[in-house]
Amino acid sequence: MDTQTQPRTGHPRRWPILGVLVISLLVVVLDNTVLNVAMSTIADPQRGLGATQSELEWAINSYTLVFAGLLFTAGILADRLGRRLSLVVGLAVFGIASLISAYATSPDQLIAARALMGLGAAAVMPATLSIIANVFDPRERPRAIGVWAGAVGLAVAIGPVLGGVLLEHFWWGSVFLINVPIVVAGVALVLILVPESRDPKPNRIDVVGVLLSIVGLTLLTYGVIKGGEDGFGTAPAWSTVVTGLLVLVAFVIWERRIAYPSLDVRLFTNRQFSASTGIIGLVFFAAMGSMFFGAFYLQMVRGYGPLASGALFVPFAVGQMIFAPVSASMVKRFGPKAVSTVGLLLVSAALGLWVFIDVDTPIALVAVAFFVQGVGMANVMPPATEAIMATLPREKAGVGSAVSNTIRQLGGALGVAVLGAVVSSVYRAHLTEPAGLPGAAADLARESIAGAYAVAGQAGPAAPALLDGANAAFVTGMHYAAVGSTVFALLGALVAVLWLPSRKTVTSPAEPERQLADA
């Protein structure tokens, strides 16, 4: 359809619909950030489940594994079966799994329930973005995506604060139980307000492609998680990563050969599509890794409780909420290349600040770093996401959303794993245990800063020296990781400079298909 004759109006209830989608998005993103501040409580044998460090990691990783592995498939099914249906089913599964998590009686039950939450979230995330693509006119869509991205920043900040408040007044399961009423309200509002939409001409289901994507993404994510735990030089880590990559290569080869692909891989020949997905992966690698070591720094080195440490993430959300909704007008005025490059340079500057943060640095500097990072990401995520969605016709919006979210999830998981491994290895190399510490206690203290603090309560006179050494070793590791995260953010800026267009180009949804047909 020609751009001049294409309808230029969105759905009459598009803004209330966006509000419902934001609620659906909030409950999924908020849960992960709430869990971060609940870790020490869940590990406590009296107040929590007595979970070990490894079990705590898998409470997070089981969710990530299922979520990343099924995101792409969920996007395909949403386009085929209906995006509202996908959203409602995903929210329902997420709510039920949250209820099971709240009343888990062992770490294994919690890990299994978290995996089920990942299944629900995988259905929710691509559905929200693809519904936006279908109810908003292309002229308004960038602004709507800016609001959508700002909601992610809001959840990142609300989560730790809400988690801190709940943990100070209720038991640890309350951080999951809070999801249930939000899910109930979300499902009701979706059924009332959100119209059903799907691909009007779906191809045959690409069963082989779907299975290859699930296996490849799951293996790759698992390998990244194992690399973060045990080091990427261990056989289980690198062999799983390599196998996952080989399966994904087979997926690409298969998709190029069949007439009804789940993902038309020729999209990656589109410079705007490839550059935008690369930027999302790089910025989330850098940002999620820094938030991971930042949370440990605040709660362990600085000794802040869940509520106080959560409050220090608020400046990040403030930056997101102020600047993400106006990023579309910035792109219109200055172009996606300039806006994204400046945003990535701001993220790089914020991450670079962590190199100068020490054991007793004024805490205001941490708040400044989070705020600048929020401002930077607010000017990166909306234009990059809009660029991805703009290259696809509306009926394929679920696939575009799934690609965006999968890259983001994998980038974040890699960032936590790789930068977490950097912090751990440097910490172990620089930790000096005080004389007289028993061998088993010294081994536990050497494992992580959390282990050192656990040992300190029984270390007697050696405790102050042990804690001083652990804090110093952790901060040194944090500085190394900060350099790494800054480098990856700068790589994202380089990608933006080289491959993003200087000016926003308005294309009809059919144009990418014509471009691909000519390729």
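Trainee: Which way do H10 and H20 run relative to each other, parallel or antiparallel?
Mentor: H10 and H20 are roughly antiparallel. This is a predicted model, so take that as a computed result. Helix H10 covers residues 271-301 and helix H20 covers residues 463-499, and they pack at an angle of about 165°.

Trainee: How far apart are the axes of H10 and H20?
Mentor: The axes are 9 Å apart. H10 passes H20 in a left-handed crossing.

Trainee: And what classes of residue make up the contact of H10 with H20?
Mentor: There are 21 nonpolar residues in that contact, with three polar and one charged.

Trainee: Staying on H20, where does Ala-470 sit, buried or exposed?
Mentor: Ala-470 belongs to helix H20. Its relative accessibility is 0%, so Ala-470 counts as buried.

Trainee: What does Ala-470 touch?
Mentor: Not counting residues up to four places away in sequence, Ala-470 touches Tyr-427, Leu-431, Ile-449 and Ala-452. Tyr-427 is 43 residues from Ala-470 along the chain, and their C-alpha atoms are separated by 7.6 Å.

Trainee: Ile-449 and Ala-452 are in which helix?
Mentor: Both are in helix H19, residues 449-456, and both are buried there.

Trainee: How are the buried residues of H19 arranged when seen down the axis?
Mentor: They fall within an arc of 155°, so they line one face of the helix.

Trainee: Switching to another pair. At what angle do H14 and H15 cross?
Mentor: Roughly 160°, with the axes coming within 7 Å. Helix H14 is residues 336-353 and helix H15 is residues 363-378. An angle over 145 degrees counts as roughly antiparallel, and H14 and H15 are therefore roughly antiparallel to each other. The crossing of H14 past H15 is left-handed.

Trainee: Which residues make the contact of H14 with H15?
Mentor: On H14 they are Gly-343, Leu-346, Val-347, Ala-350, Leu-351 and Leu-353. On H15 they are Leu-365, Val-368, Ala-369, Val-372, Gln-373, Val-375, Gly-376 and Met-377. By class, the residues of this contact divide into eleven nonpolar, three polar and no charged.

Trainee: What about H13 against H14, what angle there?
Mentor: Helix H13, residues 327-334, crosses H14 at roughly 125°, and the axes come within 7 Å. That makes H13 oblique to H14.

Trainee: Which residues of H13 and H14 meet?
Mentor: Met-330, Val-331 and Phe-334 in H13 meet Pro-336, Ala-338 and Val-339 in H14. That contact has six nonpolar residues, no polar and no charged ones.

Trainee: OK, on to single residues. Arg-114, is that buried or exposed?
Mentor: Arg-114 counts as buried, because its relative accessibility is 0%. The residue is in helix H4, which covers residues 107-135.

Trainee: What is Arg-114 in contact with?
Mentor: Leaving aside neighbours within four places in sequence, Arg-114 is in contact with Asp-31, Asn-32, Leu-35, Ala-59, Ile-60, Ser-62, Tyr-63, Ser-101 and Phe-176.

Trainee: Last one. Where is Phe-232?
Mentor: Phe-232 is in the loop between helix H8 (207-230) and helix H9 (235-257). At 31% relative accessibility, Phe-232 counts as partly exposed.

Trainee: Which residues does Phe-232 touch?
Mentor: Not counting residues up to four places away in sequence, Phe-232 touches Gly-223, Val-224, Gly-227, Ala-237, Trp-238, Ala-417 and Val-418. The C-alpha atoms of Phe-232 and Ala-421 are separated by 8.7 Å, and these two residues are 189 apart along the chain.

Note on methods: Residues numbered from 1 in each chain as written. Predicted model: local features only at pLDDT ≥ 70, side-chain atom pairs only at ≥ 80, totals over all residues. Heavy atoms only, no water. Axes fitted to C-alpha atoms, helices over the stretch in contact; angles between N-to-C directions. Helix = DSSP H or I, 4+ residues; strand = E, 2+ residues; numbered from the N terminus. Parallel < 35°, antiparallel > 145°, perpendicular 65-115°, else oblique. Left-handed = near helix turned anticlockwise from the far one by under 90°. Contact = heavy atoms within 4.5 Å. Nonpolar A, V, L, I, M, F, W, Y, C, P; charged D, E, K, R; others polar. Buried < 20%, exposed > 50% of the residue type's maximum accessible area, 1.4 Å probe, protein only. Arc of directions from axis to C-beta.
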